[in-house]
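Please look over the sequence and the model shown here before reading on. The paragraphs below then take the parts in turn.

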Amino acid sequence: MLNLERLRTLDALARHGSVSGAAEGLHVTTSAVSQQLAKLEREVGQQLLAKNGRGVRLTDAGRLLAEHAARILSQVELAQSDLEAHRGEVVGELRLAAFPTAARGLFPAALSQLHKAHPGLRVTSRETEPEPAVLAVMRGDFDLAVVLDWYNRPLPMPDGLVKAVILDDTADVAMPAGHRLADRTEVDLEDFADDDWITWGESEFCHEWLIHTLRSKGIEPRVAHRAEEHPTQLALVGAGLGVCVAPRLGRGPLPEGVRAVPVRQSVRRQIYAVWRVDADRRPSIRAAVEALQDAARKMN
């Protein structure tokens with residue numbers, strides 16, 4: 001009889017490509033992963049792993065069993081979803097991810113509501129950027145992720161996911177209070193062709209969106225500073241070091257010396273939740289989506 005947890009460990013290794021990656025995805029130690037895989041090899045009587053430099057790779061038998069493990073675990077997920085749906089209770093464990101401004105702007109109210117309404121549900125959450133969050137949901141590392149599409153650049157979305165809109169979030173341009181455009185009621189992105197920009201990390205989806213958008217308007221942006229968090233970006237703006245795009249979700253009060261001006265042709269991003277199709281009937285997923293949507297409505 002194949003052990004389900006050992007199959008889950010093998011599946012994690014196949015998805016992450018390394019023992020350390022599997023351990024991180026399963027929230028266990030690398031030693032625990034190695035022990036589970038060694039026991040699985042003894043159970044099946046075949047070598048599943050082979051050394052590959054400093055790491056390991058799956059043997060032919062390992063790849064074959066990993067393919068079966070993925071299908072078995074998907075069926076287990078469906079069975080759990082159906083049982084939860086049949087029982088109709090919001091219980092068990094729910095693992096959530098969200099990009100930082102959504103975690104800051106939505107999670108406190110939404111998770112508090114879930115805790116009060118469903119004390120039998122254990123919720124954990126982690127800040128994760130949109131693209132890796134989607135991949136983590138597909139791998140099964142998270143049950144649900146809050147991600148985003150910019151109005152002119154959607155996030156790549158693989159098949160096998162369900163999505164629900166949480167809210168539309170408007171973004172302004174933040175600039176020093178003494179900026180030449182700070183007294184305007186509206187601005188265009190083209191107005192900042194000669195300004196230094198403060199933006200996100202180079203590989204982040206939002207940074208790529210900003211560069212794409214400015215270049216589509218004939219502007220080659222001068223990126224002076226990069227910061228992962230919006231509060232850091234706004235602090236740099238307040239120091240007179242440039243301008244930045246400032247979404248309203250999770251923004252909070254502006255620092256002293258910063259002015260945020262709406263963009264004439266509205267700059268928006270759609271915030272939505274995604275989860276796997278095989279988890280679609282889980283009451284806990286539905287409860288989390290409703291709590292996120294309630295938190296978004298109360299912000300308006």
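What follows is a walk from an annotated region, through a helix and a strand, to some charged residues.

This is a predicted model, in which local features need pLDDT of at least 70 and side-chain atom pairs count only at pLDDT 80 or more, while totals for chains, interfaces and linings use all residues. Residues are numbered from 1 along each chain as its sequence is written, and side-chain values use heavy atoms, with hydrogens and water left out.

The UniProt record, an unreviewed entry, places the feature "domain: HTH lysR-type" at residues 2–59. UniProt positions are given here in the numbering of this model, with feature names shortened, and annotations may be inferred rather than shown by experiment. Helices (H or I, at least four residues) and strands (E, at least two) are DSSP runs, numbered from the N terminus.

Consider helix α6, which spans residues 130–139. Its buried residues are Pro130, Ala133, Val134, Ala136 and Val137; buried means under 20% relative accessible area, exposed over 50%, and partly exposed in between, with a 1.4 Å probe and protein chains only. These residues lie on the same side of α6, because they cover an arc of only 165° around the axis. The arc is that of the directions from the helix axis to the C-beta atoms. An α-helix has 3.6 residues a turn, so residues three or four places apart point the same way. The buried residues of α6 pack against β3, β5, β6 and β10, where contact means heavy atoms within 4.5 Å. After α6 comes glycine 140, with a positive phi near 95°.

Strand β5 covers residues 144–150. Seven of its seven residues are buried, so β5 is largely enclosed by the rest of the structure. Leu144, Val146, Leu148 and Trp150 point one way from the strand, and Ala145, Val147 and Asp149 point the other way. Which strands does β5 pair with? Two strands pair if DSSP finds at least two bridges between them. With β3, β5 pairs in the parallel sense over three bridges, and valine 146 in β5 is the bridge partner of alanine 98. With β10, β5 pairs in the antiparallel sense over six bridges; here aspartate 149 stands opposite glutamine 270 in β10.

Between α6 and β5 there is a loop, and aspartate 143 is in it. Is aspartate 143 buried or exposed? It counts as buried because its relative accessibility is 3%. Its side chain reaches the backbone nitrogen of arginine 95 at 2.7 Å. The side chain of aspartate 143 also makes a polar contact with the side chain of arginine 282 at 3.2 Å. A polar contact is a pair of N or O atoms within 3.5 Å; within protein, one must be able to donate a hydrogen and the other to accept it, and residues adjacent in sequence count only if both atoms are side-chain atoms. Leaving aside neighbours within four places in sequence, the contacts of aspartate 143 include Val137, Trp275 and Ile285.

The structure holds 24 salt bridges, a salt bridge being a side-chain nitrogen of Lys or Arg within 4 Å of a carboxyl oxygen of Asp or Glu. In one of them, the side chains of aspartate 143 and arginine 95 meet at 3.0 Å, N to O. This pair links distant parts of the chain, since arginine 95 is in strand β3 (residues 92–98), 48 residues from aspartate 143. Another salt bridge joins arginine 15 and aspartate 141, with the closest N and O atoms 3.6 Å apart. Arginine 15 is in helix α1 (residues 4–16) and aspartate 141 in the loop between α6 and β5, 126 residues apart. Arginine 15 is partly exposed, at 27% relative accessible area, whereas aspartate 141 is buried, at 8%.

A further salt bridge is formed by arginine 248 and aspartate 172, with the closest N and O atoms 2.8 Å apart. Arginine 248 lies in the loop between β9 (244–247) and β10 (258–276) and aspartate 172 in strand β6 (residues 161–176), so the pair ties together parts that are 76 residues apart in sequence. Arginine 248 is partly exposed, at 40%, and aspartate 172 is buried, at 3%. Salt bridges with shared partners also join Asp11, Arg15, Arg139 and Asp141 into one network.
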